[in-house]
Amino acid sequence: MPIPHETGATAVAGHPSGYPPVATLGVLPTGVTVEAAPVAVRAEGLVRAFGGRRAVNEVSLSLHEGDCLALFGPNGAGKTTLLRLLGGLLKATRGTAQLHGVPLPGPAETRRLVGLISHNSMLYPALTVRENVRFAAECQGVLEADQATTQVLGRLRVLDREQTPVRFLSRGLQQRVSIARALVHGPRLVLLDEPYTGLDEVGALAFTDALRELKAGGATLVLVTHNLVEGLSLATRAVIMRDGAFVYDERPSAVGFDLAAFQARYRSLVHEGIA
Amino acid sequence: MNTTAPATASHRPPAFFADAIRLARKDLLIEFRTRSAFLAATVFAVLAVVIFRFTWDPTAIPAFDLAPGVLWVIFTFSGLLGLNRSFGLEQAERAYDGLLASQMSRESIFAGKVLANLVFVAGVQALTLPAVALFFDLQVGSAWGVLIGIVLCASLGLAAVGTLFAAIAANTRLAELLLPMMTLPFFVPLVIPAAQTSAVILRGQPLDDALPWFKLLLAFDLVFVTACLAVFPFTIEE
């Protein structure tokens with residue numbers, strides 16, 4: 001079964017000194033494959049234990065700029081924990097992770113390179129859409145916070161609701177604002193934990209467009225999802241996690257990639273884990 | 001291998017005070033919009049003043065002996081209502097993750113929360129202090145400025161200790177129960193000198209008489225603010 005995967009994914013080999021916010025990212029020069037782009041994320045032997053249980057168990061990975069890693073797996077497989085480790089929100093029990101060569105959890109300047117999106121909106125219900133996104137921009141040190149806010153709200157098609165308090169928005173619109181909050185500072189590594197939850201078709205399309213734009217601009221994406229089609233449509237690499245470890249690793253852009261075979265493999269691995 | 005993250009021309013570096021003020025402004029804006037904690041604290045404070053007033057026998061205890069205790073009991077417990085909310089509003093939609101993932105330093109987050117809590121407590125105190133003076137017929141006279149200074153000094157320590165424990169308690173299921181249990185013992189070294197200093201002023205004694213207690217209050221302020229600032233980053237590690 002064919003899937004709308006990214007063919008011939010490209011990224012910039014060397015990026016300019018300033019990273020523009022998502023709304024200003026254009027299609028960057030082609031010709032450099034993702035594999036040839038600089039390494040953005042490198043993890044070696046990552047372990048994170050909670051008590052005696054290893055939520056992430058000896059995970060090693062290397063992601064280039066422009067890569068999109070789709071993480072699949074059953075509940076409790078360690079996907080979110082891995083995301084939090086890469087976002088610098090958790091310290092590894094053992095092993096190392098680096099973002100652009102800086103060990104994680106990194107200094108403040110490194111955290112600015114990360115955008116975090118989860119099924120929790122991370123918004124303040126009493127504040128308006130603009131106030132929420134602008135606050136996030138200011139927290140990340142964006143100099144033109146107002147301008148960046150306007151751009152990203154336009155990009156996610158919620159500019160018409162900018163003065164509405166978030167508590168009055170539907171779940172889908174809240175999710176779009178949450179995405180705007182995470183992208184307003186032009187992150188180089190975007191960590192997405194079930195980001196499509198609650199999005200309607202318009203929101204999902206706008207969001208996918210924004211992610212493609214980020215990817216084309218050389219940003220690295222790590223996407224946790226249970227939806228294989230959504231995940232694989234953007235992925236340059238698809239991984240199935242179980243019991244904290246990578247049990248299957250595939251490049252959807254490779255010739256001969258078969259979604260049906262991947263789905264079957266996914267089901268069998270997940271059911272093996274449950275059984 | 002790179003040793004630093006790529007520079008970003010359109011970003012400013014983290015700034016301790018600016019970040020703290022930004023966070024405090026956001027918290028206060030939310031409180032201004034919802035007014036839930038402020039209303040609860042104010043209602044509690046006014047009710048407490050009224051109850052203390054009508055159970056007080058002026059012929060048995062002079063007002064200036066009772067009032068300092070009343071003041072500090074009210075300040076302590078009304079402050080707890082605001083502290084509970086301080087991290088509660090970050091937890092509802094996990095907005096705290098967004099803060100921690102930002103370039104804002106952990107120390108700025110702490111300072112911002114303390115500042116917001118201090119303003120909150122000061123707002124409640126601004127209503128409570130005149131109410132106590134009125135109900136207990138206190139003749140503070142020209143010592144208002146000194147009394148307000150002492151109240152703010154003690155409140156800074158209370159806000160620092162309370163913010164630290166509110167951050168710890170926020171991740172637990174029993175945050176509202178745990179916070180007072182953890183915080184109140186640490187409030188004692190601040191509340192005793194604050195109440196004693198207030199008593200000296202309300203009795204109309206020379207300010208020099210309050211100096212030893214005031215020095216003790218300043219010392220605890222310094223210790224608590226510094227220690228809480230240093231410890232806070234460790235409380236948010238999972």
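In strand E7 of chain A, Leu192(A) is the bridge partner of Ile117(A). This is a predicted model, in which local features need pLDDT of at least 70 and side-chain atom pairs count only at pLDDT 80 or more, while totals for chains, interfaces and linings use all residues. Residues are numbered from 1 along each chain as its sequence is written, and chains are lettered from A and ligands numbered from 1 in the order in which they are written.

Colleague: How many bridges join E6(A) to E7(A)?

Modeller: Strands here are DSSP runs of E with at least two residues, numbered from the N terminus, and two strands pair if DSSP finds at least two bridges between them. E6(A) and E7(A), the latter covering residues 189-193, run parallel, and the number of bridges joining them is 4.

Colleague: Which strands of chain A stand at the edges of the sheet?

Modeller: The open sheet has 6 strands with mixed pairing, in the order E6-E7-E8-E3-E9-E10. Two of these strands each have a single partner strand, so one side of each is left without a neighbour in the sheet: E6 (114-117) and E10 (245-250) of chain A.

Colleague: What radius of gyration does chain B have?

Modeller: Chain B has 8 helices and 0 strands, helices being DSSP runs of H or I with at least four residues. The radius of gyration is taken over C-alpha atoms, and the globule rule is 2.2 Å times the number of residues to the power 0.38. With 238 residues a compact globule would have a value near 18 Å, which agrees with that of chain B, 20 Å.
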